[in-house]
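Good morning, colleagues. Please take a moment with the sequence and the model before I go through the chain.

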Amino acid sequence: MITQKVFDENLVGILGKTPLRVAVAVSGGSDSLCLTLLTNNWCKENGVELTALTVDHNLRSESAEEAMTVHSWLENYGIHHEILTYTGKIPTSNIEAEARQYRYKLLCDYVKQHNIDFLFIAHNQDEQRETFFLNLSRGSGVYGLCGMPAISQRDGVNIVRPMMIFTKSEIKEYLTNIHQVWVEDPSNQDDKYKRVRIRKLQSFIDELGLTNERIVNTISNMQRVRDSIEFFVRECISKVIEKQEDKIIVNTNALLYYPEEIVIRTLAKIIRENSNKLYPPRLENLELLYKKIKSGSLNKGITLSNMKISFNKDKNIVFQREAGRNQKKPLKKTKI
């Protein structure tokens with residue numbers, strides 16, 4: 001059951017200290033609307049400045065009208081609300097992923113421009129479970145099975161997910177009890193999206209004993225494993241990088257001293273932090289790179305995330321951006 005006290009205690013545990021300004025992404029759906037109202041109560045109690053942000057994605061003809069409906073609802077609560085309208089090219093393929101990218105860009109740009117400390121996103125416990133099964137279906141490793149973190153960074157913005165302790169049914173019950181309606185997104189019932197198909201199997205999955213509680217426990221276990229891996233990845237990076245100028249050179253023998261999982265995650269970290277990419281390469285591509293390094297067959301090189309990876313004459317590994325890509329920004333020192 002959702003209460004303001006439970007929400008507040010969870011939020012304080014995530015944030016650690018009280019910020020000056022926060023923003024919340026609100027589409028008008030039940031999750032984001034519930035998050036906005038709970039956050040508004042917390043902000044009033046703690047003297048925090050709140051801005052609610054709605055992205056009019058222009059994917060449906062009703063989107064502008066829905067954004068204005070949300071505006072009127074929040075106005076009744078005295079919540080400052082801004083509508084961010086997407087004016088770029090409307091995607092015709094991979095629509096869900098493309099829309100997510102430009103939605104986050106609009107939100108993050110606003111947050112940075114207005115010196116806002118945190119951006120709240122309304123992912124709930126059911127979506128955490130769906131993410132787990134989505135990643136499981138892709139053959140993800142430990143990192144993918146960690147699910148979504150309660151706090152993370154994206155494009156320099158602190159992203160907070162305070163609703164992942166609540167289920168969808170609890171969220172709808174909360175709004176119903178306070179007599180607040182919400183917008184239903186028709187895409188949430190569209191079977192062309194894999195997430196929706198997983199959602200519709202929820203009752204069957206529950207019968208197998210794979211309840212939210214058990215999945216959340218598994219995710220927690222995976223997160224502990226990930227933290228242990230990260231400890232050794234930092235140690236590995238501190239010992240294997242020999243030189244950093246216009247390229248990164250890694251001592252192959254020192255790298256291969258570590259177990260395969262540590263090596264793969266070290267490679268992923270080096271590539272992601274120096275390729276200007278939000279995510280590291282896919283796990284299967286990293287595994288292929290590891291095999292080529294271990295077998296000594298990297299002479300012709302391999303390209304991942306716009307980075308050319310090859311052996312030098314000493315059989316050490318060289319990471320260098322492809323010619324003509326991101327040339328203005330030099331390779332940075334990988335954090336250790």
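Which residues does Thr-36 touch, not counting residues up to four places away in sequence? The residues are Val-24, Val-26, Leu-50, Ala-52, Leu-74 and Ile-79, where contact means heavy atoms within 4.5 Å.

A word on conventions. This is a predicted model, in which local features need pLDDT of at least 70 and side-chain atom pairs count only at pLDDT 80 or more, while totals for chains, interfaces and linings use all residues. Residues are numbered from 1 along each chain as its sequence is written, and side-chain values use heavy atoms, with hydrogens and water left out.

Let me begin with the overall picture. The chain contains 12 helices and 11 strands; these are DSSP runs, helices being H or I of at least four residues and strands E of at least two, numbered from the N terminus. The radius of gyration is 22 Å, close to the 20 Å that the globule rule gives for 336 residues, so the chain is as compact as a globular protein of that length. Here the radius is taken over C-alpha atoms, and the rule is 2.2 Å times the number of residues to the power 0.38. Along its principal axes, the C-alpha trace spans about 70 × 50 × 40 Å.

Of the 336 residues, 46% are buried. Buried means under 20% relative accessible area, exposed means over 50%, and partly exposed lies in between, with a 1.4 Å probe and protein chains only. The accessible surface of the chain is about 18000 Å², and carbon and sulfur atoms hold 49% of that area; the areas come from the Shrake-Rupley method with a 1.4 Å probe, and for residues only the protein chains shown count as cover. Among contacts with a separation of 6 or more, 69% join residues 24 or more positions apart.

As for charge, the mean positions of the 48 positive and 41 negative charges are 9 Å apart. Lys and Arg count as positive and Asp and Glu as negative, with His and the chain ends not counted; each charge is placed at NZ of Lys, CZ of Arg, CG of Asp or CD of Glu.

I now turn to helix 2, where Thr-36 is found. Helix 2 covers residues 30-46, and at 1.5 Å a residue its 17 residues should span 24 Å; the end C-alpha atoms are 24 Å apart, which agrees. The expected span is 1.5 Å times one less than the number of residues. Since 13 of the 17 residues are buried, helix 2 is largely enclosed by the rest of the structure. Thr-36 itself is buried, with a relative accessible area of 0%.

Trp-42 also lies in helix 2 and counts as buried at 2% relative accessibility. Leaving aside neighbours within four places in sequence, Trp-42 has contacts that include Phe-7, Leu-11, Leu-15, Pro-19 and Val-48. After helix 2 comes Gly-47, with a positive phi near 65°.

Asp-155, not a glycine, has a positive phi of about 50°. Asp-155 sits in the loop between strand 5 (151-154) and strand 6 (157-160) and counts as partly exposed at 45% relative accessibility. Asn-306 also has a positive phi, near 65°, and its loop joins strand 9 (302-304) to strand 10 (307-311). Asn-306 is buried, at 17%.

Finally, consider some contacts elsewhere in the chain. Thr-252, in helix 10 (residues 252-256), is buried at 7% relative accessibility. Beyond four places in sequence, Thr-252 touches Ile-293, Phe-311, Lys-315, Asn-316 and Ile-317. Asn-299 is in contact with Phe-311 and Lys-315, again leaving aside neighbours within four places. Is Asn-299 buried or exposed? Asn-299 is exposed, with a relative accessible area of 53%, and it lies in the loop between helix 12 (283-295) and strand 9. The C-alpha atoms of Asn-299 and Asn-41 are separated by 60 Å.

Arg-265, in helix 11 (residues 260-274), counts as buried at 11% relative accessibility. Its contacts beyond four places in sequence include Tyr-143, Ile-229 and Leu-283. Thank you; I welcome your questions.
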